[in-house]
Amino acid sequence: MAVVLRRVAAGKRTIDRCSAQIAASSIIYSLVKTAKLNNLNIYAYLETVLLYMPDYKNEPEGIEELMPWSDMIQQRCRIKSKS
């Protein structure tokens, strides 16, 4: 009986880990698609968001600056047109 319970517990830990990885992948995918839709350089946008996000941990109103339509993001991450 103990062996069965250990196997069930190990399986549950694996499922929990996979769920967390899927959630993280979904968040990154969402950020990438949002950057594309707003004509932003994906790498610059991800770098900017990941760099500045910890600064806004205790002040959620500042998160608005990290939205793809904000002036700061548009200046830093906009794809330069080839003209």
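Biologist: How many helices and how many strands does the secondary structure of the protein come to?

Modeller: This is a predicted model, where local features need pLDDT of at least 70, side-chain atom pairs count only at pLDDT 80 or more, and totals for chains, interfaces and linings use all residues. Residues are numbered from 1 along each chain as its sequence is written, and side-chain values use heavy atoms, leaving out hydrogens and water. Helices are DSSP runs of H or I with at least four residues, and strands are runs of E with at least two, numbered from the N terminus. From that end the elements run α-α-α, and the totals are 3 helices and 0 strands.

Biologist: Happy with that! What share of the 83 residues is buried?

Modeller: Buried means under 20% relative accessible area, exposed over 50%, and partly exposed in between, using a 1.4 Å probe and protein chains only. Of the 83 residues in the protein, the buried share is 19%.

Biologist: And N39, is that residue buried or partly exposed?

Modeller: N39 sits in the loop between α1 (2-37) and α2. Its phi is near 55°, a positive value in a residue other than glycine. Because its relative accessibility is 38%, N39 counts as partly exposed.

Biologist: Among contacts between residues at least 6 apart in sequence, what percentage joins residues at least 24 apart?

Modeller: Contact here means heavy atoms within 4.5 Å. Among such pairs at least 6 apart in sequence, the share joining residues at least 24 apart is 46%.

Biologist: Lastly, where is D55 found?

Modeller: Glad you asked about D55! The stretch that holds D55 is the loop between α2 (42-52) and α3 (71-77).
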